[in-house]
Each structure stands twice: as structure tokens, then as C-alpha cells.
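Notebook open, model loaded. I'm jotting down what I looked up, in the order I looked.

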Amino acid sequence: MTTNTFHSHYTLHSVWNKPILGMALLFCFTLSACHESLSDRAVRESKEYTEKFCPTPVINDERTDSMSFDKATHTMNYYRTLSGKADNPQVIKFNAKKLKGVLLTALIDDPSSKAYKDAGFNFRFLYRSARHRGKTLFEAVYTPRDYQKGHSGRP
């Protein structure tokens, strides 16, 4: 009885040595590589975050309801709700400057938004009332001019 063996390594080796095939495969790979723009990435990531995590649990009388990205204005939007003691328009108004500073510092220190900050995107934080549905308590928009001040990373 005779056993025939197939030497696939020899066959593959001779095929891969052909420069034309190698170039064709490289060309196909290059054409098939699809890169999304940073704006498309922001849309996708904000949608995925919202679908996976929102609304977030209430922590310190605050929760994140959703995120979105506006391609036309290059603005990352964070929609949040205040409840309990924080859901107080007079307290928010009195502490607006302090809240703006805290949000700006958090934005500057946030490594997950680095690519968006490097691209000069805007960041908008919108806080609504849990008690009075739809009522906006506070809104802040940060531009590169705000979060890129100085070289120390601080406003």
C-alpha cells in the first residue's frame, strides 16, 4: 500500500514568493482598511456610552442621562439630571461660577477626552431638574480657548 502525502507548505511557500500576489494582497488590504473620522468616532462613542450606561446611577444627587455629539458644531454634549439637595435653582445660580470651574478642571484632567480636546472640539454640559422635568438648571460650554489656557493645563 502506498501513502501519498501532500506537501502544502511547499505549495504555499511557492505561491507566497510571487511578488505580484504579495503586492495584490497588500493593495487589497490597503483598500479595505476603513478609517472613521474623529467626528464619526465621537458620534459612535457617545451613542455607545448612552446605550450601555445611561441613565447612570445617581451619585451625589447627579446622574448622566445621555451623551451626544453634534457634528455641525463639533460639540460633545453631556445631559445630566440633578436631584435631591442639588435640585435647587437658587443654589445652582449662587454656585454657578464655582460649578463652571469644577467642570472645567474635570474636563482638563479627563484623559478619555484627550483626542477630542486635541482636535479642538467643544464640550457642553446641560443640567436639568429631576423635580421639574425639562427645566434647565445650569448650562456650560467649553471651547479650546477655555481648556487649553496656559501650558500648566489649568485655567
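**Overall layout.** I counted elements and got seven helices and four strands in the protein chain. Here helices (H or I, at least four residues) and strands (E, at least two) are DSSP runs, numbered from the N terminus. Read from the N terminus, the order is α-α-α-β-β-α-α-α-β-β-α.

**Ground rules.** This is a predicted model, where local features need pLDDT of at least 70, side-chain atom pairs count only at pLDDT 80 or more, and totals for chains, interfaces and linings use all residues. Residues are numbered from 1 along each chain as its sequence is written, and side-chain values use heavy atoms, with hydrogens and water left out.

**Whole-chain numbers.** Of the 155 residues in the protein chain, 26% are buried. Buried means under 20% relative accessible area, exposed over 50%, and partly exposed in between (1.4 Å probe, protein chains only). The chain's accessible surface is about 11200 Å², with 59% of that belonging to carbon and sulfur atoms; the areas come from the Shrake-Rupley method with a 1.4 Å probe, and for residues only the protein chains shown count as cover. I also checked contacts, meaning heavy atoms within 4.5 Å. Among contacts with a separation of 6 or more, 50% are between residues 24 or more positions apart.

**Thr75.** Next I went to Thr75, which sits in strand β2 (residues 75–82). Is Thr75 buried or exposed? Thr75 counts as buried because its relative accessibility is 8%. Its side chain makes a polar contact with the side chain of Thr73, at 2.9 Å. For the record, a polar contact is a pair of N or O atoms within 3.5 Å; within protein, one must be able to donate a hydrogen and the other to accept it, and residues adjacent in sequence count only if both atoms are side-chain atoms. Leaving out residues up to four places away in sequence, Thr75 touches Ser68, Phe69, Asp70, Asn122, Phe123 and Arg124. Thr75 and Arg124 are 49 residues apart along the chain, yet their C-alpha atoms are separated by 6.7 Å.

**Aromatics.** I then listed ring pairs: rings of Phe, Tyr and Trp (its six-membered ring) pair if their centres lie within 6.5 Å, and planes under 30 degrees apart count as stacked, over 60 as edge-to-face and the rest as tilted. The count is seven aromatic pairs. Tyr78 and Phe125 are a stacked pair, 4.8 Å centre to centre with 10 degrees between the planes. This pair links distant parts of the chain, with Tyr78 in strand β2 and Phe125 in strand β3 (residues 122–129), 47 residues apart. Tyr78 is buried, at a relative accessible area of 12%, and Phe125 is buried as well, at 5%. Tyr116 and Phe121 are stacked too, because their planes are at 10 degrees, with ring centres 5.5 Å apart.
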